[in-house]
Amino acid sequence: MATSELSCQVSEQNRERREAFWAEWKDLTLSTRPEEGCSLHEEDARRHETYHRQGQCQALVQQSPWLVMRMGILGQGLQEYLLPYQRVLPLPIFTPTKVGAAKEEREDTPIQLRELLALETALSGQCTERQDMAEITKQLPPVVPVSKPGTLRRSLSRSMSQDAQRG
């Protein structure tokens, strides 16, 4: 099975702002695989000859850092899949310019970072409006204990006289 891969590298550097970005990912994979249901096998016992042929296809897989994967057979249409969210790039660290400054003097968190943190919180399943367990349980109706297991069944079924008549 032959396989070819194509990788991508992206790098940016802003010397003025002292920022750098670098990313690398496997973009395209082309592999030759045996094609299912497409094989031929012949045997000639008299001549002691055999012939075997297996069909092949080229599978194409394309991935991107935007969590999109395209898969299919070369020469046919590719099927596109959206991958589930995961942290693929490291979260940028925001440090205020004045670390020791009072809260009023500090700069606000950048909008992009706030949106990214909100999205990550929403996708990780953390609840921002969390309630205490006692608050949740006091909203529920009170639980009525049952003294005997049979009494509840009889009270919900027909009357006792009807049960006695049936035997």
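Which helix does Leu 119 lie in? Leu 119 belongs to helix H1, residues 111–124. This is a predicted model, in which local features need pLDDT of at least 70, side-chain atom pairs count only at pLDDT 80 or more, and totals for chains, interfaces and linings use all residues. Residues are numbered from 1 along each chain as its sequence is written, and side-chain values use heavy atoms, with hydrogens and water left out.

**View A. A nonpolar surface patch includes Leu 119.** Patch members have over 30% relative accessible area and no salt bridge, and nonpolar side chains are joined within 5 Å; a salt bridge is a side-chain nitrogen of Lys or Arg within 4 Å of a carboxyl oxygen of Asp or Glu. Leu 119 is partly exposed because its relative accessibility is 43% (buried is under 20%, exposed over 50%, partly exposed in between).

**View B. Trp 25 and Trp 66 form an edge-to-face pair.** Their ring centres are 6.5 Å apart and their planes meet at 75° (pairs need centres within 6.5 Å; planes under 30 degrees apart are stacked, over 60 edge-to-face, the rest tilted). Trp 25 sits in strand E2 and Trp 66 in the loop between strands E3 and E4, 41 residues apart (strands are DSSP runs of at least two residues, helices of at least four). Trp 66 is exposed, at 66% relative accessibility.

**View C. Met 71 sits in strand E4.** Its C-alpha lies 4.6 Å from that of Val 61, 10 residues away in sequence. Beyond neighbours within four places, Met 71 contacts Leu 60, Val 61, Leu 78, Gln 79 and Tyr 81 (heavy atoms within 4.5 Å).

How values were computed:
Patches are made of residues with over 30% relative accessible area and no salt bridge: like charges are joined within 9 Å, nonpolar side chains (Val, Leu, Ile, Met, Phe, Trp, Tyr) within 5 Å. Accessible areas come from the Shrake-Rupley method with a 1.4 Å probe; for residues, only the protein chains shown count as cover. Buried means under 20% relative accessible area, exposed over 50%, partly exposed in between (1.4 Å probe, protein chains only). Rings of Phe, Tyr and Trp (its six-membered ring) pair if their centres lie within 6.5 Å; planes under 30 degrees apart count as stacked, over 60 as edge-to-face and the rest as tilted.
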